Amino acid sequence: MKLDIGRRHFLKVAGIGGALLASGLWKNSVIAAGDDFVFLQISDTHWGFSNPQINPDFAGTLKEEIASINTLKSPPDFIMFSGDLTHVTDDDQERRKRLTEFRKVIAELKIKDVRLMPGEHDASLDEGEAYKELLGPEMHYVFDHKGVHFIVLDNVSDPRTVLGEAQLEWLAADLKKLDKAAPIVVFTHRPLFDLVPGWEWYTRDGSEALKLLMPYENVVALYGHIHQEHHHMTGHIAHHACKGSMYPLPAPGSVPVKAPVPWDPAAPYRGLGFRTLDAHVKPVKYDLTEYSVNGEVMK
Amino acid sequence: MRLKRRAVFAVRLAAIVLVVIFIGSFSVAQEKQVIKVTAKKFEYSPSTITVKKGVPVVLEFTSLDRLHGFDCPGLGIRSDINPGKTNTVEFTPQKAGTFEFHCDNFCGTGHDKMRGTIVVTE
Ligand SMILES: [Cu+2]
Ligand SMILES: [Fe+2]
């Protein structure tokens with residue numbers, strides 16, 4: 001199965017950093033196929049965070065988003081929470097409590113196909129022990145959905161900010177089974193490329209994973225961690241960061257020391273939200289739609 | 001016979017070379033600035049490290065609790081800091097100035113505030 005047309009098409013869209021995607025202009029060129037589907041990415045919910053200067057609605061923001069997702073006009077097939085489900089705590093018991101509460105809160109989602117992955121706040125301090133116990137057992141895994149191969153990588157449970165040898169070998173073995181034209185979506189918490197290494201907005205051995213992915217023609221990488229929308233290309237691979245759901249972070253490298261952006265009473269929930277991706281398999285293409293916390297489409 | 005003499009010569013030569021290397025390294029070691037740095041949640045001690053430009057530096061890191069990191073992009077040096085062992089970083093500062101460093105292995109609630117500076121004097 002060759003999807004050359006699809007790839008060129010996708011490149012054109014991905015290359016302009018999602019601006020066109022958000023505008024809706026591309027829609028005329030879409031060749032509808034029966035297998036198209038929608039999935040949703042939500043990230044960095046940081047359950048347990050409690051600084052009212054940064055987010056006075058720290059206990060309500062996620063619930064509001066869930067209500068918005070539950071009333072979406074075209075509901076997604078599945079939802080992916082791309083890490084930092086909970087906010088860091090140095091107390092192992094408190095971490096368990098937050099992970100358990102998070103699970104309870106998201107049980108309100110009407111869509112039951114919900115997929116999770118850890119961020120460093122969930123899993124770095126105990127190398128994923130509590131996460132695996134309460135939300136796991138897997139922290140890296142693959143699944144297929146309507147012709148798209150999804151690969152979830154874990155670049156957080158090893159506190160050295162790496163994927164590690166074993167996971168890279170596992171990735172290589174998984175990729176080997178695929179056609180070079182297979183549609184692949186990679187989920188990571190941190191970016192695989194060097195966005196701002198000094199802020200740990202990178203993966204120390206991320207280039208190894210990208211090297212393995214490079215021969216595949218239809219790869220898109222989705223991540224969180226940076227709490228803002230961001231689009232970047234490494235070769236033909238498009239990387240899209242999702243907004244956070246608790247507090248925004250400054251633009252990459254824009255300030256000397258990275259710190260949460262304080263709440264603006266004039267623009268509550270600014271910079272927070274989730275996104276949906278309209279997956280087209282023939283040709284391979286993903287249309288991104290960004291939503292605010294209350295479910296408005298962001299223009 | 002000739003072979004034996006050659007062997008003896010070779011051994012003597014090797015011994016002389018070793019002695020020269022040993023003395024050489026000893027005098028270099030004398031000049032090195034060796035600084036012990038401890039890391040714990042969420043600070044380095046000392047957090048300001050002062051060294052001289054042009055003189056080799058050895059930073060000897062130990063962690064008092066968990067895994068930490070040391071990343072000083074301005075000087076192009078980094079290391080993990082593991083508990084229960086010493087991680088060393090060797091470098092020779094080529095320019096005077098103040099260089100920030102920070103922990104780059106996520107270590108907990110105060111991770112983002114775990115930082116320090118290296119001051120290189122003329
Ligand atoms: Cu993160
Ligand atoms: Fe986060």
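This is a predicted model: local features need pLDDT of at least 70, side-chain atom pairs count only at pLDDT 80 or more; totals for chains, interfaces and linings use all residues.
Local features are taken only at pLDDT of at least 70 and side-chain atom pairs only at pLDDT 80 or more, while totals for chains, interfaces and linings use all residues. Residues are numbered from 1 along each chain as written, chains are lettered from A and ligands numbered from 1 in written order, and side-chain values use heavy atoms, without hydrogens and water.

Let's start with the metals and their protein donors (N, O and S atoms within 2.8 Å of the metal, or 3.2 Å for Na, K and Ca; water is not among the atoms, so sites may look incomplete).

| Metal | Protein donors | Distance | Spacing |
|---|---|---|---|
| copper ion (ligand 1) | A:Asp84 (OD), A:Glu120 (OE), A:Glu120 (OE), A:His189 (NE2), A:His225 (ND1) | 2.1 to 2.6 Å | D-x35-E-x68-H-x35-H |
| iron ion (ligand 2) | A:Asp44 (OD), A:His46 (NE2), A:Asp84 (OD), A:His227 (NE2) | 2.1 to 2.3 Å | D-x1-H-x37-D-x142-H |

What bridges the two ions? A:Asp84 does, and the copper ion and the iron ion lie 3.5 Å apart. A:Asp84 sits in the loop between strand S2 (78-82) and helix H4 (92-106) of chain A, and A:Glu120 in helix H5 (residues 120-123), so this pair ties together parts 36 residues apart in sequence. Helices (H or I, at least four residues) and strands (E, at least two) are DSSP runs numbered from the N terminus.

Around the iron ion, the four donor atoms subtend angles of 84 to 175 degrees, which makes the arrangement irregular.

Now for burial (under 20% relative accessible area is buried, over 50% exposed, in between partly exposed; 1.4 Å probe, protein chains only). A:Asp84 is buried at 1% relative accessibility, and A:Glu120 is buried at 5%.

Methods:
Four donors count as tetrahedral if all angles lie between 85 and 135 degrees; four count as square planar and six as octahedral if opposite donors are over 155 degrees apart and all others between 65 and 115; anything else is irregular.
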